[in-house]
Amino acid sequence: MKHAMKIFLLAAVLSVLVFSAFLGAGQQPAKSEAPRLIAIRAGHLIDGRSAASIQNAVILVEGEKIKAVGPNLAIPAGAQVIDLTKSTVLPGLIDCHTHIGYEPANYYEDLFRKSPIDIAVTVHLAAKRTLEAGFTTIRDVGEPEFIDVALRRAIDSGRVVGPRMQVATLAIGATGGHADMVGFSPYLKFGQFSGIADGIDEIRKLVRFEVKNGADLIKMIATAGVLSEEESVGAPQFSFEEMKAMVEEAAMWGKKVAAHAHGTEGIKMATRAGVASIEHGSLIDDEGIRLMKERGTYLVGDAYNHEYITAEFKRLGYPEHILKKESLVGELQRENLKRAVAAGVKTAFGTDAGVFPHGWNAKQFAFLVKCGMTPLQTIQAATVSAADLLGWSDRVGAVAPGLYADLIAVDGDPLQDVTELERVRFVMKGGVVYRKE
């Protein structure tokens, strides 16, 4: 009897569910709720575009966008209020040169005992640390196996916490160059996607392959580098015709090119070829500075990581000749960045994060000040100028109506002490608070 009663009740429930589904089949889905309204009271606001901070500002956030900004703005009834009247509020910071999947632990173990799967499993931790440090947008300029594409998608879908991302996927370099593995047995091979291309046809095909698989930009290895085992630190590694073909092919697909370039001639070749940015720029000369200024090419100079490499990389097992290369270019890079800044070359903030621990990105601000930039110029390099380089000025880089509500706050005044940006207390991305102390 009890068994029969259970069957009867189950049948009744199923009937109700089927009938309800039938009734709702032709109905329109319920309207979604209106975006919530948040009012942020800022004691001081550095909006990214103005030359001075704005006092007693109110930022109205509706959904994921900024609705209105102004001093003593009226707060609508029912708005959630976030009180930052004792803080300085700024746009979310942008780092234009990161390697989110890279964080060295031991030179030979990193090369031979880890696979891209190890990176993929833990990369979300670096993304979270980066966001919580106040960097709400990053440009990643080279990762293996399209890990950066997968991470960007996971963040965009809300499954993983991290910054907005533009990704370059595989850095494109020549055989035997900075993107290739040199100094080891020719029989040593890795079964993974390769960013090596020689000649115009191979380069064009590889650009297309990367765009097909999710690249937002193309990374060119224009010259030799430091943290690799080829002998030179700055010799060109593509011909001018190869560089130009890469830029033209990328442009055909609506993509910009960022050029890793330490060496003097390679910087000038890449600039003439039409790249959007020179990364590092360590050995730039007066002609290179003039060319970059004339063409509006951005310089993304990583002024901090020399400090970390010289302090830590011997302990991490890096070969002596790599450490010697760093000793050759580290201080020169800072001196030449100072010259480029004085000459008026456009600069965007980029750190090479991954060479040092992710989340330490803001340590670079103080070193940029040592290179001749004012605190405001360093902040603009990491906000409006970086957004311009990314082609995202209509999305990020300022506190203005219509842009994403990507906001950070610090206790003090970074216009007086730029190291305040190393101590971010509040982070909002797209209207969602990810850090609040």
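Student: In which loop does Gly 162 lie?
Tutor: This is a predicted model, in which local features need pLDDT of at least 70, side-chain atom pairs count only at pLDDT 80 or more, and totals for chains, interfaces and linings use all residues. Residues are numbered from 1 along each chain as its sequence is written, and side-chain values use heavy atoms, with hydrogens and water left out. Helices (H or I, at least four residues) and strands (E, at least two) are DSSP runs, numbered from the N terminus. Gly 162 is in the loop between α4 (147-156) and β7 (164-167).

Student: Is Gly 162 buried or exposed?
Tutor: Buried means under 20% relative accessible area, exposed means over 50%, and partly exposed is in between (1.4 Å probe, protein chains only). Gly 162 has a relative accessible area of 1%, so it counts as buried.

Student: Which residues is Gly 162 in contact with, leaving aside its neighbours within four places in sequence?
Tutor: Contact means heavy atoms within 4.5 Å. Glu 132 is 30 residues from Gly 162 along the chain, and their C-alpha atoms are separated by 8.3 Å. With neighbours within four places left aside, the contacts of Gly 162 are Ala 127, Leu 131, Ile 155 and Lys 429.

Student: What is the phi of Asp 352?
Tutor: Asp 352 belongs to the loop between α10 (320-343) and α11 (364-370). With a relative accessible area of 8%, Asp 352 is buried. Although Asp 352 is not a glycine, its phi is positive, at about 70°.

Student: Why is helix α7 described as largely enclosed?
Tutor: The buried residues of α7 are Gly 266, Ile 267, Lys 268, Met 269, Ala 270, Thr 271 and Ala 273. Helix α7 covers residues 264-273, and it is largely enclosed by the rest of the structure because the buried count is seven of the 10 residues.

Student: What covers the buried residues of α7?
Tutor: Just after α7, Gly 274 takes a positive phi of about 105°. The cover over the buried residues of α7 includes β8 (218-221), α6 (240-252), β9 (257-261), β10 (277-280) and α8 (286-295).

Student: How many disulfides does the count come to?
Tutor: A disulfide is a covalent bond between the sulfur atoms of two cysteines. The rule used here is a pair of cysteine sulfur atoms within 2.5 Å. The sulfur of Cys 96 has its closest cysteine sulfur in Cys 371, 17 Å away, which is too far for a bond. By the rule, the number of disulfides is zero.

Student: Are Cys 96 and Cys 371 buried or exposed?
Tutor: The relative accessibility of Cys 96 is 0%, so Cys 96 counts as buried. For Cys 371 the relative accessibility is 2%, and Cys 371 likewise counts as buried.

Student: Which residues is Lys 65 in contact with, leaving aside its neighbours within four places in sequence?
Tutor: Lys 65 is found in strand β3 (residues 65-71). At 33% relative accessibility it counts as partly exposed. With neighbours within four places left aside, the contacts of Lys 65 are Leu 60, Gly 402, Leu 403, Tyr 404 and Ala 405.

Student: What radius of gyration does the protein have?
Tutor: The radius is taken over C-alpha atoms, and the globule rule is 2.2 Å times the number of residues to the power 0.38. For 437 residues, a compact globule would be near 22 Å, and this agrees with the radius of gyration of the protein, 25 Å.

Student: What percentage of the residues of the protein count as buried?
Tutor: The secondary structure comes to 13 helices and 14 strands. Of contacts between residues at least 6 apart in sequence, 71% join residues at least 24 apart. Among the 437 residues, the share that count as buried is 51%.
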